Amino acid sequence: MPVISTNTHRPPSWLPNGHYQSIYPALFRTVNPSYQRERLTTPDDDFLDIDWSFAKKNKTADKKETAKLPTTLPPLVILSHGLEGSSTRQYITGMVKFLTTNGFDCLAWNYRSCSGEINRQLRFYHSGETTDLEFVIQHALAKGYTEINLMGFSLGGNVTLKYVGENGANIHPAIKKAVAFSVPMDLLACSRNIEKPENKIYLWRFLKSLKPKVTAKAQQYPEHFDLNKWKYVKTFWDFDHVYTGPLHGFEGADDYYQKSSSKGFIHAAAIPTLIVNAVNDPLVPYQSLPADVIANMPNVWLELTQSGGHCGFRPDTFSHKDAYWSEVRALTFLTEP
């Protein structure tokens with residue numbers, strides 16, 4: 001499909017650039033959907049904490065008539081969060097609240113080590129890890145869902161798109177659509193981009209979050225995890241070269257990035273897929289997106305908004321109560337024929 005450049009997202013004037021548009025929601029937006037937590041035991045004896053939120057029932061419906069109808073589950077959206085995020089990040093909770101208000105069940109899952117408790121196995125999670133997403137999808141299928149949509153943000157967007165591309169035409173027929181926001185489809189380009197002086201605050205924040213997990217993992221597996229190597233970690237590339245790559249079977253950072261970037265898989269996507277990135281995203285340079293590949297695909301859309309930052313997209317005016325532009329855009333895509 002043609003790559004779309006749009007001005008349909010219009011930020012408030014008091015959020016003048018991509019940094020403000022990224023940071024403001026993360027610091028000042030609070031949304032509290034109703035979650036029901038479930039812990040899944042993975043095949044390798046680890047665990048994943050997943051949070052369910054269910055579609056709000058129509059209070060005006062005739063209960064007697066409703067009772068006569070066959071029981072069917074609403075469509076489900078499985079949401080994947082960003083690096084060092086969780087199911088409680090505002091871009092997840094805002095989307096969950098909006099989608100459940102509009103007839104969708106939601107499953108927001110937490111990657112290993114991201115639900116507030118360190119995971120049991122030696123491995124963590126990473127940008128190309130799709131086996132845990134597959135495990136979560138299979139769990140949803142076992143619950144009886146026959147219509148499942150996938151949605152990811154930032155790192156979770158890369159995981160989502162890689163999963164869709166890996167499965168190609170063999171993707172489960174219950175999986176209908178995929179949506180991804182602020183996606184680092186070229187991991188090397190994004191890793192190097194965050195090293196720029198104007199982005200060092202993001203780099204510092206992420207590394208600050210990762211170090212306690214490295215420390216905890218070194219205590220769990222002292223014979224496999226060398227905490228002394230942290231002194232070599234100054235950038236994302238360093239972290240992925242020292243820890244992420246070797247820990248997950250890659251030769252190093254470059255091998256990890258090459259094998260995990262969704263830009264190398266998106267050409268095989270066989271379901272309707274929407275990718276939304278902001279031109280002013282401070283973390284993901286829009287030039288790194290595979291626009292030339294997507295332009296020749298019949299069922300993948302790349303929508304480039306001029307504003308929105310990284311997982312931001314607060315609108316100047318709300319077309320729906322408290323809903324961000326990204327949430328309205330996602331609902332439109334999921335509900336159109």
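## Ser22 in helix 1

Ser22 touches Tyr202, Pro282, Gly309 and His310, leaving aside residues up to four places away in sequence; a contact here means heavy atoms within 4.5 Å. The residue is found in helix 1 (residues 18-28). Helices (H or I, at least four residues) and strands (E, at least two) are DSSP runs, numbered from the N terminus. Ser22 is buried, with a relative accessible area of 8%. Buried means under 20% relative accessible area, exposed over 50%, and partly exposed in between, with a 1.4 Å probe and protein chains only.

The side chain of Ser22 also reaches the backbone oxygen of Gly18 at 2.7 Å.

## Basis of the model

The model is predicted: local features need pLDDT of at least 70, side-chain atom pairs count only at pLDDT 80 or more, and totals for chains, interfaces and linings use all residues. Residues are numbered from 1 along each chain as its sequence is written, and side-chain values use heavy atoms, with hydrogens and water left out.

An open sheet of nine strands has the order 1-9-8-7-6-4-5-3-2, with mixed pairing. Two strands pair if DSSP finds at least two bridges between them. Strand 1 (4-6) and strand 2 (36-41) stand at the edges with a single partner strand each, so one side of each has no neighbour in the sheet. Neighbouring strands of the sheet are turned by 20° against each other on average, direction ignored.

Strand 2 pairs with strand 3 (residues 47-53) in the antiparallel sense over six bridges. Within this pair, Arg39 stands opposite Asp49 in strand 3. The two strands form a hairpin with five residues between them, and Asp45 in the turn has a positive phi of about 65°.

## Ala178 in strand 7

Ala178 is found in strand 7 (residues 175-181) and counts as buried at 0% relative accessibility. Not counting residues up to four places away in sequence, Ala178 touches Leu150, Thr160, Val164, Ile271, Pro272, Thr273, Leu274 and Phe333. The C-alpha atoms of Ala178 and Phe313, 135 residues apart along the chain, are separated by 19 Å.

## Helix 4 against helix 5

Helix 4 (131-142) and helix 5 (residues 155-167) pack at an angle of about 75°, with their axes 10 Å apart. Axes are lines fitted to C-alpha atoms, for helices over the stretch in contact, and angles run from 0 to 180 degrees between N-to-C directions. Helix 4 is therefore roughly perpendicular to helix 5; angles under 35 degrees count as roughly parallel, over 145 as roughly antiparallel, 65 to 115 as roughly perpendicular and the rest as oblique.

In this contact, Leu133, Glu134 and Ile137 of helix 4 meet Val159, Thr160 and Tyr163 of helix 5. The residues of the contact divide into four nonpolar, one polar and one charged. Ala, Val, Leu, Ile, Met, Phe, Trp, Tyr, Cys and Pro count as nonpolar, Asp, Glu, Lys and Arg as charged, and the others, Gly among them, as polar.

Helix 8 (residues 236-247) is mostly covered, with ten of its twelve residues buried. Among the buried ones are Phe236, Trp237, Phe239, Tyr243 and Leu247. The buried residues of helix 8 pack against helix 6 (187-193), helix 7 (200-220) and helix 9 (253-260). At the start of helix 8, a side-chain oxygen of Thr235 reaches to within 3.4 Å of the backbone nitrogen of Trp237. Just after the helix, Gly249 takes a positive phi of about 90°.

Leu227 lies in the loop between helix 7 and helix 8 and is partly exposed, with a relative accessible area of 34%. Its contacts, not counting residues up to four places away in sequence, are Val214, Thr215, Ala218 and Tyr243. The C-alpha atoms of Leu227 and Thr215, twelve residues apart along the chain, are separated by 6.5 Å.

Ser113 has a phi near 85°, a positive value in a residue other than glycine. It is found in the loop between strand 5 (105-109) and helix 4, and is buried, with a relative accessible area of 7%.

Asp322 has a positive phi of about 65° although it is not a glycine. Its place is in the loop between strand 9 (300-305) and helix 11 (325-335), and at 48% relative accessibility Asp322 counts as partly exposed.

Definitions and conventions
A polar contact is a pair of N or O atoms within 3.5 Å; within protein, one must be able to donate a hydrogen and the other to accept it, and residues adjacent in sequence count only if both atoms are side-chain atoms.
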